[in-house]
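User: I have a structure open on my screen and would like to learn how to read it. Could you walk me through some of its features?

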Amino acid sequence: SYSFCTLLVLPHPFPTHPMSRYLLWRLLVLLFAGGGCTGVDFMSMTTRYVSTHGRRGVVQLSQPSCFDDPLGVMGAIGGCGVATSTFGCNFDLSKLDPSSPPGITIAVLCPATCESCYCMDSPLLLSLGGCPELSLMGCNFDLGALTDSLPSGTPLKALCPQSCGLCNPPPTVETTPQQLFGLKSIFNAANGDEWIRKKNWMVGDPCLDEWEGIGCDNEGNVISIHLDFNNLQGFLADVFLPFKHLRYLDVGGNSLLSGNVPATLSVCPLVTLILSECSFWGEFPTLTEARNSLKTLAIGALALPMNLPPQAGVGRMAYAPPSANNFPDLTLEAVIDSYPELLILNTHSSQIHGTIPETMCSSKLRDVVVTKCFLTGTIPNCIGDMTALKSLCIAENSLLGTIPSSLGNINTLEGIILGGNLLTGQLPPELGNAKNMKAILIASSNLTGTVPETLGKLSKLEAIVLQDCARVTGTIPRSLFQLKKLGFVALMEAAFVG
């Protein structure tokens, strides 16, 4: 018998699917976190990396963008000018390329040339999930992090103005004095003079004069506040009582923003709340008015999963301690039971604790990142009932028991990250039934048995890692290395024969 230290096959080029990019990036972190061959704690370096590279070139737009050929595909037929003069603006591009979905006309790709710059979500992002789903990551999200077809710095709202609320008629009335006072208080409490983006702030009316990062409806109500990665310092003023129409609040990536999360957020019908990479502490407020509307809750020490492409490499991570929120009284069960409409949950390194409740099995959750927290107990077998689940990241907790075989029942599941727990038993053969699985990442566990031959059925698998699983034995299934998309294999301190 013999053991591997590392067997790495790096994919070239890196996958373009956003979850695959994230999972591979997380793989690099988990491989070296807490031991292995290097002994370097890369987990403690992540915040600086994300702050400097994770959200590249955030762009603010006050109006929906209108520009030709955002995906750079029209050059194949001479560009927008030649195409419109040759075929006309209403020409269906599927007639030239059968692989293109029908209904994509030249006017869609060349709105400026065709003078068709009406406010609508672009169908060009359907392959990435569509605008309504993508907008859950934030309307300033850099689409260049998801696809190489778009330049770095292309904000999601440039192609999804409707989902980002930019298609509302422009406000014709001033905001209320109470909301004006609240925004000024936020500016002063968070050292607004040092902000990176603060155009028009403190001058005139927030809605009519388009304060940077503030979105309003046509009645002068503030509906969105985008202040992410903006060098906010101090505390977030507890002045949200007048903001009864606020749907989106993102102050993530401001590591010097601390204190309590404002209790008055309870009156806001939030759809998205992003507090990642800040330094909040204390009791997490009950978001009463968001109970049936909240879809994204990110309170972890890392940005949202899809915003972490691995191309830059772990070598560019700076040696800096992560900023982390600290909510010691918050349990996973309380979060899941309080917000039944949640789709995305990120609580990395936030001190959240408790067990994984069975109520999670009937939730609508799609992406779960509860890593480096204080979860205990077992992974419930009913987790296989989560029919919408795409990613399950619950590494670095104190979970016991076996990996549920029911995970193989989830057709939507693309990746699992389970390392750093006290899991035992065999890697379930039923995982081979999860036909959309792209990554299986397990490190530092007490798994036993062999690597199931059934994993060779996962035609979409791109990455697999077993690190510090010394009791995993047997042979490596030959079928695993016949998978065409498998480009990242890491086997460390696992004993194999043959």
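This is a predicted model: local features need pLDDT of at least 70, side-chain atom pairs count only at pLDDT 80 or more; totals for chains, interfaces and linings use all residues.

Analyst: Happy to. Let's begin with a definition that helps with sheets: two strands count as paired if DSSP finds at least two bridges between them.

User: How many bridges join strand 16 to strand 18, and how many join strand 18 to strand 20?

Analyst: Strand 16 (residues 424–426) and strand 18 (residues 446–450) run parallel and are joined by three bridges. You can find this pairing on screen at Gly425, which stands opposite Leu447 in strand 18. Strand 18 and strand 20 (residues 472–473) also run parallel, joined by two bridges. There, Gly449 has Val472 in strand 20 as its bridge partner.

User: What should I know about side chains in a strand?

Analyst: In a regular strand, side chains alternate between the two faces of the sheet.

User: Let's turn to confidence. How far does the predictor trust this model?

Analyst: The score to read is pLDDT, the predictor's confidence in each residue, from 0 to 100. The chain averages 77, and 77% of the residues score at least 70. Confidence is lowest in helix 2 (residues 46–54), with a mean of 24, and highest in helix 7 (residues 177–189), at 97. The pLDDT is below 50 over residues 1–65, although this stretch has 195 contacts in the model beyond near neighbours in sequence. Residues 303–322 also stay under 50, and the model has 61 contacts for them beyond four places in sequence.

User: And the chain as a whole: how many helices and strands are there?

Analyst: The chain has eight helices and 22 strands. Of its 498 residues, 56% are buried. Among contacts between residues at least 6 apart in sequence, 59% join residues at least 24 apart. The chain exposes about 19,500 Å², with carbon and sulfur atoms supplying 53% of that area.

User: How do I read a helix that has a buried side? Which residues of helix 3 are buried?

Analyst: Start with the cut-off: buried means under 20% relative accessible area, and exposed means over 50%. In helix 3 (residues 79–87), the buried residues are Gly79, Cys80, Ala83 and Thr84. They cover an arc of only 150 degrees around the axis, which puts them on the same side of helix 3. On the other side, Ser85 and Thr86 are exposed. Helix 4 (106–109) is included in what covers the buried residues of helix 3. After helix 3 comes Gly88, whose phi is positive, near 95 degrees.

User: Last topic: aromatic rings. How is a pair described?

Analyst: A pair of aromatic rings is described by the distance of the centres and the angle of the planes. The whole structure holds seven aromatic pairs. In one of them, the rings of Trp195 and Trp201 have centres 5.0 Å apart and planes at 80 degrees, so the pair is edge-to-face. Trp195 is buried, with a relative accessible area of 4%, and Trp201 is buried at 6%. Ring pairs also link Phe187, Trp195, Trp201 and Trp211 into a cluster.

User: Where in the chain do Phe284 and Phe327 lie?

Analyst: Phe284 is in the loop between strand 8 and strand 9 (296–298), while Phe327 is in the loop between strand 9 and helix 8 (332–338). Their rings have centres 5.2 Å apart and planes at 75 degrees, so this pair is edge-to-face. The pair links distant parts of the chain, 43 residues apart. Phe284 is buried with a relative accessible area of 10%, and Phe327 is buried with 0%.

Note on methods: Residues are numbered from 1 along each chain as its sequence is written. Side-chain values use heavy atoms; hydrogens and water are left out. Buried means under 20% relative accessible area, exposed over 50%, partly exposed in between (1.4 Å probe, protein chains only). Helices (H or I, at least four residues) and strands (E, at least two) are DSSP runs, numbered from the N terminus. The arc is that of the directions from the helix axis to the C-beta atoms. Contact means heavy atoms within 4.5 Å. Accessible areas come from the Shrake-Rupley method with a 1.4 Å probe; for residues, only the protein chains shown count as cover. Rings of Phe, Tyr and Trp (its six-membered ring) pair if their centres lie within 6.5 Å; planes under 30 degrees apart count as stacked, over 60 as edge-to-face and the rest as tilted.
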